[in-house]
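Biologist: I am new to this structure. Please show me how to read it, feature by feature.

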Amino acid sequence: MATTKKKAVRKAKKGQRIRQVAAIPFRLREDGGLEVLLVTSRTTRRFIVPKGWPMKGKSGRKAAMIEAQEEAGVLGKALKQPAGTYSYWKRMTDGFIRVDVSVYLLQVTEELADWREAANRQRAWLPPADAALLIDEPELSTLLRDLTVPAGDPA
């Protein structure tokens, strides 16, 4: 278990809110339509967005980019400001903890054929409305359903 995760669990047991960062990888189709990338979780196999614990010495944006590379096998440019936040109940070995997640949009520039967690995850490109239907977390589902990508260069 990573030190950051251990620290988060200790904070949660004291009743403090803990946080994670996530990426919503996206691309524009040739017809201008937007698609987002979902991955399956390792344990429950349900669709999620790449997310993880904050990383010491790295901004939330940079940590979200690293999570997208490790969990979804994509590289790209993340927008500077979070696209939104959501909260969910994270399953732990001895119960659940409440987690607040800052979400960054990641414009995908490269999709890797092989990546760190490729053996444990599947990925799917979907229109945001379809992706929203597959997500269990209501706040994240709403964020995906209403997703708009700001005009201009993301980075």
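Biologist: What radius of gyration would a compact globule with 155 residues have, and what does the protein chain have?

Modeller: First, a note on the source: this is a predicted model, where local features need pLDDT of at least 70, side-chain atom pairs count only at pLDDT 80 or more, and totals for chains, interfaces and linings use all residues. Residues are numbered from 1 along each chain as its sequence is written, and side-chain values use heavy atoms, with hydrogens and water left out. Now the radius: it is taken over C-alpha atoms, and the globule rule is 2.2 Å times the number of residues to the power 0.38. For 155 residues a compact globule would come near 15 Å; the protein chain has 15 Å, which agrees.

Biologist: How many helices and strands does the protein chain have?

Modeller: Helices (H or I, at least four residues) and strands (E, at least two) are DSSP runs, numbered from the N terminus. The protein chain has 4 helices and 8 strands. Their order is α-β-β-β-β-α-β-β-β-β-α-α.

Biologist: Which residues have the most contacts inside the largest nonpolar core?

Modeller: A nonpolar core is a set of buried Ala, Val, Leu, Ile, Met, Phe, Trp, Tyr and Cys residues joined through side-chain atoms within 4.5 Å. Buried means under 20% relative accessible area, exposed over 50%, partly exposed in between (1.4 Å probe, protein chains only). The largest core has 27 residues, and Ile24, Leu140 and Leu144 have the most contacts inside it. Strand S7 (95-111) is one of the elements that supply at least two residues. The largest share, 5 residues, comes from S7. A second, separate core of 13 residues includes Leu37, Val74, Tyr104 and Trp125.

Biologist: What span should helix H2 have?

Modeller: The expected span is 1.5 Å times one less than the number of residues. H2 (residues 60-72) has 13 residues and should span 18 Å; its end C-alpha atoms are 17 Å apart, which agrees. Gly73 follows H2, with a positive phi near 70°.

Biologist: How are the rings of Tyr86 and Tyr88 placed?

Modeller: A pair of aromatic rings is described by the distance of the centres and the angle of the planes. Rings of Phe, Tyr and Trp (its six-membered ring) pair if their centres lie within 6.5 Å; planes under 30 degrees apart count as stacked, over 60 as edge-to-face and the rest as tilted. The count here is 1 aromatic pair. The ring centres of Tyr86 and Tyr88 are 6.0 Å apart and the planes are at 35°, so the pair is tilted. Tyr86 and Tyr88 are both buried.
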